[in-house]
Amino acid sequence: MTYIAKPKIDLPGQKRNVLGLLQRDYEGSMSTLCAGCGHDSITAALVQALWELSIAPEKLIKLSGIGCSSKTPAYFVKGAHGFNSVHGRMPSVATGAHAGNRDLICIGVSGDGDSLSIGFGQFGHAIRRNLNMLYLIENNGVYGLTKGQFSASADPGSTAKKGAPNLMQSINPVATAIAMGASFVARSFSGDREQLVELIKAGIAHPGCALLDVISPCVTFNDHEGSTKSYAYTRLHKHQATAADFVPAAGEITAQYAEGEVISVKLHDGSSIVLKKADSDFDPTKRSSALGYLEKHRDLGEIPTGLLFIDEDWPEMHAIYGTAAKPLNAFTFEELNPGREALEKLQREMR
Amino acid sequence: MKRTDTSNPDYYHRVVDCQWGCPAHTDVPEYIRLIAQGRFTDAYMVNRESNVFPGILGRVCDRPCEPACRRGRMDEQPVAICRLKRVAADHKDDIQDRLPVVPKKKNGKKIALVGAGCASLTVANDLMPLGYDCTIFEAQAVAGGLMRYNIPAFRLPAEVLQEEINYIVNMGVAVKYNHRVESLKDLLDEGYDAVFVGTGAPRGKELKLPGRYDTENIYIGIDWLESVAFGHIESIGEKVLIIGVGNTAMDCCRTSLRLGARSVKVMARKPREFFKASAWELEDAEEENIEIIVNHSPREFVIENGKLKGMTFEMMEYVIENGGITAEKITGEVFIPCDDVILAIGQENAFPWIERDLGIELNKWEEPTVDKVTFESTRKGVFFGGDSAFGPKNIIWAVEQGHQAAISIHRYCQDESLHERLPPTLNLGSRKMGMHEWSYSNDFDPAARRKMMHVSLQSRFEELGREVELGFDAEQTAKEVERCLNCDIQTVFFDSLCIECDACLDICPTQCLTITENGEREDLLQRLKAPVLEAGQPLFVSDALKQTGRVMVKDENFCIHCGLCAERCPTAAWDMQKSFLQFPQAADYASGSHNGKSPCQQRKAG
Ligand SMILES: Cc1cc2nc3c(=O)[nH]c(=O)nc-3n(C[C@H](O)[C@H](O)[C@H](O)COP(=O)(O)OP(=O)(O)OC[C@H]3O[C@@H](n4cnc5c(N)ncnc54)[C@H](O)[C@@H]3O)c2cc1C
Ligand SMILES: Cc1ncc(C[n+]2csc(CCOP(=O)(O)OP(=O)(O)O)c2C)c(N)n1
Ligand code: SF4
Ligand code: SF4
Ligand code: SF4
Ligand SMILES: [Mg+2]
């Protein structure tokens with residue numbers, strides 16, 4: 001917990017984005033999380049990514065459930081919309097918000113407890129619906145806010161702070177999401193800022209539900225030896241399967257790659273994601289390849305990171321439902337309430 | 001890069017920009033903190049330890065600390081360090097019982113000091129407590145040197161000066177007033193164990209132009225100020241020209257106004273950016289409606305029937321490139337009428353009383369050859385300090401040179417090597433405890449520098465000695481102390497503790513921290529989160545960090561010492577620690593064994 005106010009200091013040479021905003025304009029209120037919490041690093045990555053993308057704060061909605069992780073939205077982009085919902089219910093609220101205003105950029109921040117324990121059902125349906133949002137899980141293997149009980153993502157055999165081992169199987173959000181038909185699935189680590197920022201940008205640009213599982217050590221309850229979600233363990237075992245470069249619509253792909261190593265995915269808004277693969281046997285556009293790859297590396301005791309699966313063409317929620325192109329809140333009252341005549345006409349058609 | 005060696009006291013000293021900038025290394029942040037706590041006497045004593053004359057310097061110091069101040073790099077004005085020094089002096093209690101104790105039993109060594117200026121007084125201040133018998137020979141009837149009779153009383157009141165001189169003289173220094181030393185040879189023959197020459201740079205420079213010696217109304221600035229101070233001159237003509245635009249010129253023009261001049265013009269040969277006077281002295285003079293005329297080069301004094309009518313000047317035009325004059329051109333000539341002219345174009349050394357066969361080397365400008373470390377001349381046992389050693393500077397330099405000369409005199413009298421000197425030492429003490437309560441106040445205050453209030457223009461000229469600056473009031477003081485960034489509360493890094501969680505990097509409000517792959521300096525500089533703008537400031541580079549082998553890099557340049565990194569660090573890899581720098585003085589050579597360690601801890605509080 002930080003008591004000192006972070007001063008606003010204008011230094012010579014500080015950079016502004018296209019909107020003329022400073023990076024600090026994308027900060028939120030002072031974090032109340034434990035010093036050194038991975039979640040705060042993710043917050044910083046979000047700040048950087050959103051600033052670099054020059055997203056106008058009022059175009060953004062931040063949603064969350066309950067948990068230390070779910071407090072994150074308070075700590076970035078003060079000027080954005082936000083909804084801190086009940087435990088595990090972030091996806092429902094996000095669905096409603098996005099149904100009402102499809103023009104909003106939607107970032108849901110959840111925890112492993114929030115999404116894989118109490119909110120597991122909600123998690124699955126957001127993916128199934130391909131809700132156009134960045135769905136970010138800050139995954140620390142414990143319920144941080146309630147003092148460190150194992151969560152559903154705790155690996156079997158890993159131990160709690162006082163030494164008790166976890167005997168249950170773990171839910172792997174990445175594999176689960178791919179199996180459930182997600183259109184964008186990635187994993188990162190709070191301590192890998194470079195990778196994380198690119199994946200956040202790609203996830204925001206992706207037209208559909210972009211699941212980003214971020215290993216985010218709980219420095220207070222799960223950073224000991226015996227933990228498989230600690231800074232040290234994650235650094236030792238992570239394996240970068242793909243390096244993603246997000247190239248905005250106006251940008252240009254400049255880097256040179258050897259053939260076969262690289263896939264470039266063009267998104268609908270003209271931007272693209274350039275993926276550099278570490279292993280030639282892996283094809284992140286194929287569900288079977290992705291799942292097989294995850295299983296293979298689980299056997300090797302590795303934690304694959306990077307963009308692990310992508311299907312650009314799967315329709316997102318509004319396309320599936322065939323809703324109006326205009327956000328609901330932009331319709332006039334008369335358009336939304338065409339009157340008794342119109343209702344009766346509709347009913348007649350349905351008889 | 002290799003891990004930065006922070007064990008050398010210089011590393012953390014440089015971070016404390018003001019203390020690094022002060023010739024006497026005054027512990028500025030410490031005394032500002034004490035003022036903030038209302039401990040004015042303690043703040044005064046911290047000052048006195050290094051600069052000996054806090055009340056005087058709190059008014060007229062040349063303040064090299066202020067342009068150095070870190071606060072000035074944050075797009076703002078520096079902390080009003082000098083004015084705060086005066087606050088401590090103005091509000092202190094009686095300090096008599098906190099002065100160094102002078103032993104009853106003398107050590108049998110006799111020291112002669114020539115001149116009772118700040119340099120000699122500092123030497124006496126340092127040697128008296130060690131049991132030396134100090135005799136000062138002073139040509140005038142009072143002590144203080146230029147501080148007394150050149151710096152006008154409206155800038156430095158006589159009481160303030162006298163009080164601080166008394167602290168030293170009352171230690172039992174024998175001062176022989178009205179005693180001009182006419183022969184160093186005679187003095188040496190009197191058998192002193194060592195002689196210190198603190199006679200200043202007493203000769204004002206001449207301007208030998210046609211007409212110079214045909215009138216009584218042309219004065220040498222420093223001599224004129226002296227005559228005014230001693231009451232020999234009480235008036236001046238209506239129209240006065242001051243030649244030169246240094247600090248002496250500023251004192252001459254403002255004094256002229258107080259002696260009845262109606263129109264005073266300061267004539268400068270060059271454009272404003274080449275003025276020697278300090279910005280605040282120019283400002284104060286211009287506030288009093290002094291006219292400063294640039295690009296006028298003096299040509300001739302115009303005398304008619306033995307009376308000064310005015311001066312002619314050549315009007316100049318300069319080509320300025322990269323801050324330097326590369327060509328000049330005379331564009332015309334102009335006559336400016338006046339009743340009196342004061343020449344304020346510099347001072348020189350003069351030693352008519354030093355015989356040339358004593359083994360004391362003087363060059364053709366009468367500058368003595370003086371060792372820059374020991375302040376010994378080319379004759380053993382004869383030391384120089386202050387303006388007499390290296391030409392006119394200012395008080396704080398004279399004080400520091402006095403401290404160094406005192407060490408040398410002590411070593412000389414004890415038959416010990418003058419060149420073997422104790423190194424400065426550094427103490428670091430954690431400030432984790434009480435960071436939010438009592439240990440120090442680290443909330444950044446965005447307030448602007450407080451403005452010094454002045455006596456109104458109506459009443460300021462009523463009396464020659466009326467002090468113009470009023471000093472800070474309580475409210476101004478309270479605001480100004482909070483502007484200090486506490487640069488002495490250092491960020492100390494413990495490499496092996498860092499788990500690379502990035503918390504410190506993310507919270508740092510100035511982005512001066514980076515964790516990155518190691519590399520050569522130039523390469524590292526490219527990869528820092530914020531560009532390094534001040535190449536002179538140190539760059540801290542850690543050892544390879546445990547988990548990834550990368551390094552923590554800190555650019556000391558823009559750290560505001562807010563303590564957020566330390567507060568955010570889960571493992572206390574960053575710790576806020578107060579640096580306590582010790583600069584050995586003569587007393588530290590006197591007590592017990594040294595072993596390269598300075599015993600001055602015992603003298604200090606805090
Ligand atoms: C007009 C003016 C304004 C200044 N303003 C400032 C200022 O605002 N701030 C600042 O820091 N500095 C200022 N200075 C500079 C500062 O006053 C000097 O740098 C400082 O006083 C030097 O101290 P000192 O002890 O070396 O010599 P001095 O102060 O010059 O003292 C020398 C003493 O030796 C005596 N003496 C000389 N010859 C003999 C002899 N043969 N026998 C016996 N006694 C002798 C003199 O009478 C004098 O008392 C100013 C200087 C001038 C001229
Ligand atoms: C309905 C409901 N059940 C239980 C809780 C208690 N509770 C609060 S936070 C939390 C777990 C949070 O874990 P996670 O989502 O992993 O967040 P973390 O704190 O680890 O970031 C639980 C069980 C609650 N707030 N509401
Ligand atoms: S308890 Fe764990 S998850 Fe919660 S703030 Fe502290 S370190 Fe972060
Ligand atoms: S004290 Fe720490 S957080 Fe504050 S400016 Fe310095 S390095 Fe940055
Ligand atoms: S907060 Fe501490 S542990 Fe974390 S990166 Fe900074 S120094 Fe290292
Ligand atoms: Mg959790």
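1. Starting with ligand 1, an oxygen atom of ligand 1 lies 3.4 Å from a backbone N or O atom of B:K393, a polar contact (a pair of N or O atoms within 3.5 Å). Another oxygen contact, at 2.6 Å, goes to an N or O atom in the side chain of B:E138. A nitrogen atom of ligand 1 sits 3.0 Å from a backbone N or O atom of B:V181.

2. The protein buries 95% of the 990 Å² that ligand 1 exposes when taken alone (Shrake-Rupley areas, 1.4 Å probe).

3. A word on conventions: this is a predicted model, in which local features need pLDDT of at least 70, side-chain atom pairs count only at pLDDT 80 or more, and totals for chains, interfaces and linings use all residues. Residues are numbered from 1 along each chain as its sequence is written, chains are lettered from A and ligands numbered from 1 in written order, and side-chain values use heavy atoms, leaving out hydrogens and water.

4. Around ligand 1 there are 37 residues (a heavy atom within 4 Å); B:V60, B:E138, B:L146, B:R155 and B:D387 come nearest. Domain 2 (99-202 + 349-413) and domain 3 (204-347) of chain B each give at least three residues to this shell, with bounds from an automatic or database assignment.

5. Where is the lining of the largest cavity drawn from? Domain 1 (9-97 + 445-483) and domain 3 (204-347) of chain B each supply at least three residues. Among the 14 lining residues, B:R59, B:R155, B:R254, B:D284 and B:E469 are closest to the centre of the largest cavity.

Terms used:
A polar contact is a pair of N or O atoms within 3.5 Å; within protein, one must be able to donate a hydrogen and the other to accept it, and residues adjacent in sequence count only if both atoms are side-chain atoms. On a 1 Å grid over the protein atoms alone, a cavity is a set of points where a 1.4 Å probe fits but cannot get out, and a pocket is an open set with protein on both sides within 12 Å along at least five of seven lines; lining residues have an atom within 4 Å of a point.
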